[in-house]
Amino acid sequence: MLHLYKNKENNWKWYQLESADEKEIARIIDENEECKTWIENIKNDDTNTLTIDTAQNDRPFVEGSLIFDQHTINREEHDMFHFYITEKTLLTVDLDFSKLKNTEIEKVIGQMAYSRNAIEAFFIIIGAIVNNYLDKIDEFEIKLNELIWEIQKRNNIDTLDKIYERRHELLVCRNLMNPVKEILYGMQEGFGTDILEYPQVRQRVMKIERCLALLQDYQQEIDTLLKVEEVVSGHRGNSIMKTLTVLTTLFTPISAWSALWGMNFKNMPELSWRYGYIAALGLIVVNTILLYIYLYRKGWTGDILKGNKKKSLFK
């Protein structure tokens, strides 16, 4: 279905199309022959693309495709739209505002009605998309804050899984924002940096920069959490190996004496001693105690025989 919005005051048009509207698309091509190649290419586009043409200085254009929503688990589950922009014409194909949560369509279109040209109107659409990303970032912030405090209480494989889940969510969001950033630079390349003087453009640019800054900050927090997890896991792994080594060493006397008295030689006088059993036990105990004292004085036992303290990642 074709939706056509005309701004008579500033003399620009917005064609909102769906890829299934072949008849309407054919009619638009007849009216705008310069976008014929773009219309043909979008049938095969399933990823982010951007093309800037400034060969004709009197009528430059920017065209491309943008994935504006992506499922965090299923790669194939995403929503995208295609766009073609000149100063006086804006064409969008498969732009579905209903996919953007908490987006007031009438408000967005109302803001576009006051745009001085199609460029400014397109930035209002980009602003609505970035608003959706900011809402997701707010949800992500809550999850990340819970995770930060959860690490203090417990540290196990489930916590590590959650860290990597949050990291994946962040990477998906950054992957959505990078094409938006490219569009921002592409629009300046195609139409000049003067577009940054438009109030609607300037406001959306600040929104994009805010979103990118938040993603950068959260990326650093996630990296910090991973480093903490690696340090704690490494420390605990070393403690386990150290504990096993010390316990193995402490059981060396009983193993050695047991191996000695387990031999089947005929002439072993201590086997016939009246108090040989008690003497053997005493010898093993004394050897074990002396060995422990030696390890303790060398500082090799550390705190492995101490109980774990609550609210501590290391003790």
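Which residues gather in a patch of negative charge on the surface? Asp138, Glu139, Glu141, Asp217 and Glu221 do.

**View 1. The whole chain, as a predicted model.** Starting at the N terminus, the order is β-β-α-α-β-β-β-β-α-α-α-α-α-α. Of the 315 residues, 37% are buried, that is, under 20% relative accessible area with a 1.4 Å probe and protein chains only, while exposed is over 50% and partly exposed lies in between.

**View 2. The negative patch.** Helices H4 (118-153) and H6 (199-250) each bring at least two residues, and H4 gives the most, with 3. Glutamate 221 sits in H6; it counts as partly exposed because its relative accessibility is 32%.

**View 3. The largest nonpolar core.** This is a set of 56 residues; such a core joins buried Ala, Val, Leu, Ile, Met, Phe, Trp, Tyr and Cys through side-chain atoms within 4.5 Å. Phe81, Phe83, Leu90, Phe122, Ile125 and Met187 have the most contacts inside it. Elements giving two or more residues include strand S5 (78-85) and helix H5 (157-191). H4 supplies the largest share, 18 residues.

Residues are numbered from 1 along each chain as its sequence is written. In this predicted model, local features need pLDDT of at least 70 and side-chain atom pairs pLDDT 80 or more, totals for chains, interfaces and linings use all residues, and side-chain values use heavy atoms, without hydrogens and water.

Methods. Patch = residues over 30% accessible without salt bridge, like charges linked within 9 Å, V, L, I, M, F, W, Y side chains within 5 Å. Areas by Shrake-Rupley, 256 points an atom, 1.4 Å probe, with all protein chains shown as cover. Salt bridge = Lys/Arg side-chain N within 4 Å of Asp/Glu carboxyl O. Lys, Arg positive; Asp, Glu negative; His and termini not counted. Charge placed at Lys NZ, Arg CZ, Asp CG, Glu CD. Helix = DSSP H or I, 4+ residues; strand = E, 2+ residues; numbered from the N terminus.
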